[in-house]
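Here's a quick briefing to read alongside the structure. Have the model open in your viewer and follow along by topic.

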Amino acid sequence: MDAQKQKCMILCVAGQSNAVGYDESLIPADYLNRFRTGRIAQLGMYGDDNCKIIPLGACAQNYQDLRPYSNPANPQPNLGTKGIHLPLADLLLGSIPDDYNILVIACAYGGTAFTQGEPGSYDKEHLRPSPGPLRWGEGMPYYQAMRDRIAYALDQDPENRFLGMVWIQGENDLNDAAGHAAGFDRMADAFFADFRQNYPGRVYRGDWDRGVWYNVETVAYWYTRGQCPQIWEHYKAWNPETYVPVPRDTDSNEVNGTGLTASNRADHYGNDAYYKVVAPCAARVMEKRLKKEK
């Protein structure tokens with residue numbers, strides 16, 4: 001695939017660790033054969049790959065680099081961990097025109113929040129936030145990089161369109177659900193306003209509003225912690241039509257995990273959960289809009 005010359009639907013996945021994708025289970029040698037990788041790419045983040053359209057593997061190039069946490073049993077070193085990106089993009093291919101590819105933009109880092117963390121800095125020339133788990137919010141480097149990378153991808157071709165925002169975030173605000181909700185609302189409103197002003201008409205079967213932003217539930221463990229349930233109650237109330245429920249019995253890294261990403265393996269989806277459960281849940285909700293008649 002010559003992705004640089006192909007029209008793209010842009011799919012952004014953002015948030016914290018369960019958006020990064022911390023599935024520690026084995027990435028078998030034939031894993032990529034499950035997917036139509038010829039029509040799926042990502043906007044690179046690391047080194048010389050930065051801002052280049054490159055193939056998407058099992059582990060997306062995120063704000064956080066998961067290559068050092070690769071399962072030692074993987075057939076190759078530094079493959080990283082598995083996330084929602086590749087299985088979700090593959091599932092959505094049936095909902096877009098055949099002459100489009102999907103371009104994934106990954107903007108997530110584990111342990112981030114709206115109510116805590118350093119603001120960090122933003123490298124506008126390279127569209128990258130400074131390293132480390134920073135604070136999310138309107139005007140913050142994480143937001144700026146996410147916004148500017150989507151804009152950069154739209155600018156590559158006038159026929160490129162935005163497909164959707166997949167957001168998985170909230171666990172590190174477990175002590176302040178109200179603060180999380182307020183920060184999220186302000187940031188989402190800024191996102192829609194920015195793109196309505198600068199990229200009108202560039203959403204596929206939708207507009208720059210809550211209809212293109214999908215809030216995905218977290219792994220079951222967090223529903224027992226602090227004010228996390230209130231955080232996801234707010235997400236559901238924010239827009240029930242784009243809220244993505246995930247069954248509470250979905251596997252975490254407690255099954256086939258290595259413990260390399262977190263000592264508490266229940267913190268994160270694992271054991272191929274993104275491929276088997278989480279991505280299909282998100283795709284079903286997204287397809288309700290994408291498959292509507294024009």
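Let's start with a charged pair: Asp194 and Arg147 make a salt bridge, with the closest N and O atoms 3.9 Å apart. Asp194 sits in helix α4 (residues 177-198) and Arg147 in helix α3, so this contact ties together parts that are 47 residues apart in sequence. Keep in mind that this is a predicted model.

**More on that pair and its helix**

- Asp194 comes out as partly exposed, at a relative accessible area of 22%.
- Arg147 is partly exposed too, with 23%.
- The length of α3 checks out: at 1.5 Å a residue its 15 residues should span 21 Å, and the end C-alpha atoms are 20 Å apart, which agrees.

**Other salt bridges**

- The structure has nine salt bridges in total.
- Glu159 and Lys7 form one of them through their side chains, at 3.6 Å from N to O.
- That pair links distant parts of the chain, 152 residues apart: Glu159 is in the loop between α3 (141-155) and β7, while Lys7 is in the segment before β1.
- How accessible is Glu159? Its relative accessible area is 40%, so Glu159 goes down as partly exposed.
- Lys7, in contrast, counts as buried, because its relative accessibility is 16% and the cut-off for buried is under 20%.
- Arg67 and Asp65 make another side-chain salt bridge, at 2.7 Å from N to O.
- Arg67 is partly exposed at 36% relative accessible area, and Asp65 is also partly exposed, at 26%.

**The sheet**

- In what order do the seven strands of the open sheet run? Reading across, you get β3-β2-β4-β1-β7-β8-β9, with mixed pairing.
- The edges are β3 (53-55) and β9 (243-244); each has a single partner strand, so one side of each is left without a neighbour in the sheet.
- Helix α2 (residues 85-92) packs on the sheet and touches β1 (8-15), β2 (40-43), β4 (101-108) and β7. The direction of α2 makes about 150° with that of β4.
- Helix α6 (residues 273-290) also packs on the sheet, with contacts to β1, β7, β8 and β9. The direction of α6 makes about 140° with that of β7.
- β7 (residues 161-168) pairs with β8 (residues 213-216) in the parallel sense over three bridges, and Met165 stands opposite Trp213 of β8.

**Strand β4 up close**

- β4 pairs in the parallel sense with β1 over eight bridges; the partner of Leu11 in β4 is Val104.
- β4 also pairs in the parallel sense with β2, over three bridges, where Ala41 stands opposite Leu103.
- Is β4 buried or exposed? Eight of its eight residues are buried, so β4 is largely enclosed by the rest of the structure.
- In a regular strand, side chains alternate between the two faces of the sheet.
- In β4, Asn101, Leu103, Ile105 and Cys107 point one way, whereas Ile102, Val104, Ala106 and Ala108 point the other way. Residues pointing either way are buried.

**The loop around Asp49**

- Asp49 is found in the loop between β2 and β3 and is partly exposed, with 28% relative accessibility.
- Which residues does Asp49 touch, leaving out those up to four places away in sequence? They are Gly44, Ile54 and Gln61.
- With Gln61 there is a polar contact between the two side chains, at 3.0 Å.
- For a sense of the spacing, Asp49 and Gly38 are 11 residues apart in sequence and 18 Å apart in space, C-alpha to C-alpha.

Technical notes. Residues are numbered from 1 along each chain as its sequence is written. This is a predicted model: local features need pLDDT of at least 70, side-chain atom pairs count only at pLDDT 80 or more; totals for chains, interfaces and linings use all residues. Side-chain values use heavy atoms; hydrogens and water are left out. Two strands pair if DSSP finds at least two bridges between them. Helices (H or I, at least four residues) and strands (E, at least two) are DSSP runs, numbered from the N terminus. Contact means heavy atoms within 4.5 Å. Axes are lines fitted to C-alpha atoms, for helices over the stretch in contact, and angles run from 0 to 180 degrees between N-to-C directions. Buried means under 20% relative accessible area, exposed over 50%, partly exposed in between (1.4 Å probe, protein chains only). A salt bridge is a side-chain nitrogen of Lys or Arg within 4 Å of a carboxyl oxygen of Asp or Glu. The expected span of a helix is 1.5 Å times one less than its number of residues. A polar contact is a pair of N or O atoms within 3.5 Å; within protein, one must be able to donate a hydrogen and the other to accept it, and residues adjacent in sequence count only if both atoms are side-chain atoms.
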